[in-house]
Amino acid sequence: MKSALANVSPVGNILSSLAATQHDNLPLLQLVSVTGGYGVSFLIASFAAVCNHLWQDGLTWRRVAPFGAVLTLVLVGGSMRLALSAPAGDTYDSLVRSRAGT
């Protein structure tokens, strides 16, 4: 009942965002820092549109290449951002390990 009411809310919420479905894909979620959740939602919807075109018209590189290039750029950029940025201070994981004595 709660989620049904949240989906009709005019103010928006995390339940209606497609970006919330990608919580495990950290390289993709780096796009959120630039575009907000709308950028990730746009990529998901674009993927669905590209799949539909492939289903109807067969494999045409003219339709797949632009989306593939953008998705590759986003994932490589997000992976680089994760790899090159060190945490500013103690992380939760390091604090738990230090208290556990491991």
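The model is predicted, so local features need pLDDT of at least 70 and side-chain atom pairs pLDDT 80 or more, while totals for chains, interfaces and linings use all residues. Residues are numbered from 1 along each chain as its sequence is written, and side-chain values use heavy atoms, without hydrogens and water.

Helices are DSSP runs (H or I, at least four residues), numbered from the N terminus. Helices α4 and α5 pack at an angle of about 150°, with axes 10 Å apart. Axes are lines fitted to C-alpha atoms over the stretch in contact, and angles run from 0 to 180 degrees between N-to-C directions. The pair is therefore roughly antiparallel (over 145 degrees). Contact (heavy atoms within 4.5 Å) involves L43, S46, F47, V50, H53, L54 and D57 of α4, and R63, V64, F67, V70, L71 and V74 of α5.

The largest nonpolar core has nine residues: A19, L28, L31, V40, L43, V50, V64, F67 and V74. Such a core is a set of buried Ala, Val, Leu, Ile, Met, Phe, Trp, Tyr and Cys residues joined through side-chain atoms within 4.5 Å. Buried means under 20% relative accessible area, with a 1.4 Å probe and protein chains only. Helices α4 (37-57) and α5 each give two or more residues to this core. Beyond its neighbours within four places in sequence, L43 contacts L28, L31, F67, V70, L71 and V74.

L82 lies in α5 (residues 61-84). Its relative accessibility is 35%, so L82 counts as partly exposed (between 20% and 50%). The C-alpha atoms of L82 and P27 are separated by 7.1 Å, although the two residues are 55 apart along the chain.

Technical notes:
Parallel < 35°, antiparallel > 145°, perpendicular 65-115°, else oblique.
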